[in-house]
Number of protein chains: 2
Amino acid sequence: MATSTTTRSEEAQKDLDQPRRESRFGSILDAAELVFAESGYDGASMREIASKADVAQALIHYHFKNKAQLFEAMVARRSSSINDDRAELLDRLFEKSSHPDLEDIVEALFRPTIEAGRTSTNNAGPYARILASVANSAGARDQELAKKYYDPIALKYIDALQRVQPGLSRADAVWAYMFAIGVGMTMMAQTGRPKRLSDGACDDGDAEEMLGRIVPFICGGIRALA
Amino acid sequence: MATSTTTRSEEAQKDLDQPRRESRFGSILDAAELVFAESGYDGASMREIASKADVAQALIHYHFKNKAQLFEAMVARRSSSINDDRAELLDRLFEKSSHPDLEDIVEALFRPTIEAGRTSTNNAGPYARILASVANSAGARDQELAKKYYDPIALKYIDALQRVQPGLSRADAVWAYMFAIGVGMTMMAQTGRPKRLSDGACDDGDAEEMLGRIVPFICGGIRALA
DNA sequence: GTCTATAGTTCGATAGAC
DNA sequence: GTCTATCGAACTATAGAC
């Protein structure tokens with residue numbers, strides 16, 4: 001059987017290739033994520049990304065045109081998956097109760113991000129580092145990305161904060177959200193500083209340990225504003 | 001008078017020059033601060049710094065050897081002044097009372113930074129932006145600077161937190177400090193995002209407005225940990 | 001201490017074959 | 001879709017005159 005045309009044989013073969021590689025598109029995004037996380041946007045080079053993805057540099061330009069659009073594509077891939085999860089978590093909390101716990105809302109704010117793109121261990125993945133850098137930058141490119149990919153979900157969370165904490169004015173709900181994100185970025189950045197300052201007792205590589213301390217801190221802070 | 005030697009005349013002239021410029025050392029640091037704040041370490045170029053300082057590029061290398069040491073010199077200048085002020089504020093609080101208000105300690109944490117190197121208005125200066133970037137970066141250079149110039153004063157604040165909030169374990173005091181800094185970096189970064197998310201109601205360019213909301217938030221968070 | 005001029009490297013991006 | 005080869009620009013840093 002299957003002695004007909006090579007064309008048909010090639011089509012059948014397609015679906016049998018193990019790593020389902022129709023192109024190197026995804027591998028380039030993976031490599032970009034690693035290199036941008038390590039060196040930042042300006043510190044990263046297309047050469048290093050190409051090398052880590054094991055492709056020619058020209059292939060990156062073929063798929064993504066230039067460095068800026070590669071960076072945006074990498075942010076878009078992760079953020080759309082993460083923010084879908086965040087929105088769904090939020091909706092479920094309000095389906096189960098008309099007045100969910102503040103603690104659950106704050107945890108829903110961070111958990112999808114620390115679980116995105118991580119391999120096996122308990123720490124946040126490389127994308128979390130990129131996010132921390134983008135969030136704390138006033139540069140035009142970073143703030144345009146924040147606006148495009150994160151402002152819509154931010155407004156949903158601000159609404160949620162006001163609903164479970166009716167004493168919050170709109171302005172204070174925005175401040176509360178910004179401060180919560182600020183605390184969260186301390187976790188995403190994974191600088192190792194807590195370990196240094198505590199002689200090893202505090203590990204910001206352990207996302208679960210951090211969540212256990214961040215959530216009560218933020219909730220206490222928000223309740224102090226209301 | 002003063003018809004003797006040119007040498008003597010030149011010496012007398014020195015002290016009369018209005019802007020007291022013995023060298024362009026300080027102007028280079030000022031320009032570096034502006035450019036690094038705008039573009040980050042890797043995004044900044046020695047050419048642009050030289051241009052903004054109105055000196056030849058080679059002069060920067062003469063005074064600071066290379067880009068990394070210029071960056072460190074800029075951090076060293078501001079941080080030493082800021083952290084002297086912070087330590088003194090902290091000491092005064094404990095001189096006036098054996099049990100100062102947590103609110104005063106948290107305010108002392110940030111006020112010297114937002115007042116450093118600013119020109120006239122109510123916002124934090126360019127150095128605050130650089131600090132936000134360094135604090136949230138896991139890169140080796142940034143963490144070495146954090147360790148060298150900021151870890152010692154951080155330990156003093158962690159001690160202070162434990163003294164005024166005796167329920168805090170050492171580990172939780174370290175977490176509390178890290179989270180407080182995380183919230184503070186939201187203010188230092190001056191991204192403009194609060195304005196975007198609030199239709200103009202929240203302005204992170206107004207440092208006094210932010211301090212008024214940040215201090216109660218952080219204090220509420222710390223009290224929730226103890 | 002400050003300059004001009006430039007060496008030497010690295011980078012983003014493109015041309016063109018397969 | 002992927003490659004090799006390379007162009008042209010930008011960068012850090014240095015040499016050497018003043």
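Mentor: A residue is called buried when its relative accessible area is under 20%, and exposed when that area is over 50%. Please keep in mind that this is a predicted model.

Trainee: What share of the residues of chain A count as buried?

Mentor: Chain A has 226 residues. Among its contacts between residues at least 6 apart in sequence, 66% join residues at least 24 apart. The share of residues that count as buried is 47%.

Trainee: Which relation do chains A and B have to each other?

Mentor: Chain B is superposed on chain A by a rotation of 180° with 0.0 Å of shift along the axis, at an RMSD of 0.0 Å. The same surface serves both copies, since 100% of the contact residues of chain B recur in chain A. The relation is that of a two-fold axis.

Trainee: Which residue of chain B comes closest to the rotation axis?

Mentor: The distance is taken at the C-alpha atom, and its value for the residue in question is 2.1 Å. That residue is B:Gly221.

Trainee: Is helix H7 of chain B largely enclosed by the rest of the structure or exposed, and why?

Mentor: The buried residues of H7(B) are B:Pro126, B:Tyr127, B:Ala128, B:Ile130, B:Leu131, B:Ala132 and B:Val134. Their cover includes helices H2 (25-43), H5 (67-96), H6 (102-115), H8 (140-149) and H10 (170-189) of chain B. Because seven of its ten residues are buried, H7(B) is largely enclosed by the rest of the structure.

Trainee: Which residue of chain A is in contact with B:Ala132?

Mentor: B:Ala132 lies in helix H7 (residues 126-135) of chain B, and its relative accessible area is 0%. B:Ala189 is 57 residues away from B:Ala132 in sequence, but their C-alpha atoms are 5.5 Å apart. Beyond four places in sequence, B:Ala132 is in contact with B:Met185, B:Met188, B:Ala189 and, from chain A, A:Asn136.

Trainee: Is B:Glu33 buried or exposed?

Mentor: B:Glu33 belongs to helix H2 of chain B. Residues up to four places away in sequence aside, B:Glu33 touches B:Met74, B:Arg77, B:Arg78, B:Pro126, B:Tyr127 and B:Ile130. Its relative accessible area is 3%, so B:Glu33 is buried.

Trainee: With which residues is A:Phe110 in contact?

Mentor: The largest nonpolar core has 154 residues, and A:Phe110 is among the members that touch the most others, as are A:Phe36 and B:Ile218. Neighbours within four places in sequence are left aside here. The contacts of A:Phe110 are A:Ala180, A:Ile181, A:Gly184, A:Met187, A:Met188, A:Leu211, A:Ile214 and A:Ile218.

Trainee: How many charged residues are in the lining of the second largest pocket?

Mentor: This pocket holds about 150 Å³ of space. Helix H5 (67-96) and helix H6 (102-115) of chain A each give two or more residues to its lining, which includes A:Arg92, A:Lys96, A:Asp104 and A:Glu107. By class, the lining of the second largest pocket has three nonpolar residues, no polar ones, and charged residues numbering five.

Terms used. Residues numbered from 1 in each chain as written. Chains lettered and ligands numbered in written order. Predicted model: local features only at pLDDT ≥ 70, side-chain atom pairs only at ≥ 80, totals over all residues. Heavy atoms only, no water. Core = buried A, V, L, I, M, F, W, Y, C linked by side-chain atoms within 4.5 Å. Buried < 20%, exposed > 50% of the residue type's maximum accessible area, 1.4 Å probe, protein only. Contact = heavy atoms within 4.5 Å. Least-squares fit on C-alpha atoms with pLDDT ≥ 70 in both. 1 Å grid on protein atoms, 1.4 Å probe; cavity = no way out; pocket = protein on both sides within 12 Å on 5 of 7 lines; lining within 4 Å. Points joined across faces, edges and corners; volume = space filled by probe spheres on them. Helix = DSSP H or I, 4+ residues; strand = E, 2+ residues; numbered from the N terminus. Nonpolar A, V, L, I, M, F, W, Y, C, P; charged D, E, K, R; others polar.
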